[in-house]
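Have a look at it before reading on.

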Amino acid sequence: ARGAIVVETATGLARLAGAVPVADPLEATLRARFVAWGLAPPRPADVAAAVDAPAAAVRTVMTRLLAARALVKVNPDMVVDAAAYDALKAALLALLAARGEVTTDAWKQLTGVSRKHSIPLAEHFDAAHVTRRVGEVRRPWGAR
């Protein structure tokens, strides 16, 4: 009520009023790494080792990046760069609009990643009601 604390609307993080946020070098490193990893990142538990940083600090920064939607949580074992995720979703929607369904081979070509990463992504889009699995193909969520 006194205005001593400000909550950032984009991230939901609080700071003292008048305090200027300082650029976090670990955040910059993680952003760059996730951009480079695209749709094939390491498991969240392995990110700290991949960037050679303390696990607790990496978890804190990843939480902040998820809140700011710089990263997207696909499932508990997979977090990807938001731009890569958005590009994949746009390509998926375009393919569904053009063909009405996505086969396993088309999905593999669309993602360009191994099964280890492509299956969780496909399951995520099913859970998010973008697609639904019908046998060996995926169709738009409302289609029969």
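What follows covers the model itself, its overall build and then helix α5.

## About the model

This is a predicted model, where local features need pLDDT of at least 70, side-chain atom pairs count only at pLDDT 80 or more, and totals for chains, interfaces and linings use all residues. Numbering starts from 1 along each chain as its sequence is written, and side-chain values use heavy atoms, with hydrogens and water left out.

## Overall build

You'll find six helices and six strands here, counted as DSSP runs (H or I, at least four residues, for helices; E, at least two, for strands) and numbered from the N terminus. Reading from the N terminus, the order is β-β-α-α-α-β-β-α-α-α-β-β. The radius of gyration is 18 Å, well over the 15 Å that the globule rule gives for 144 residues, so the protein is more spread out than a compact globule. That radius is taken over C-alpha atoms, and the rule is 2.2 Å times the number of residues to the power 0.38.

As for burial, 33% of the 144 residues count as buried (under 20% relative accessible area; exposed is over 50%, partly exposed in between, with a 1.4 Å probe and protein chains only).

## A look at α5

Helix α5 spans residues 104-111, and its buried residues are Ala106, Trp107 and Thr111. Down the helix axis they fall within an arc of 125 degrees, so they line one face of α5; the arc uses directions from the axis to the C-beta atoms. On the other side, Asp105, Lys108 and Gln109 are exposed.

What covers that buried set? The cover includes α4 (82-99) and α6 (115-127), with contact meaning heavy atoms within 4.5 Å.
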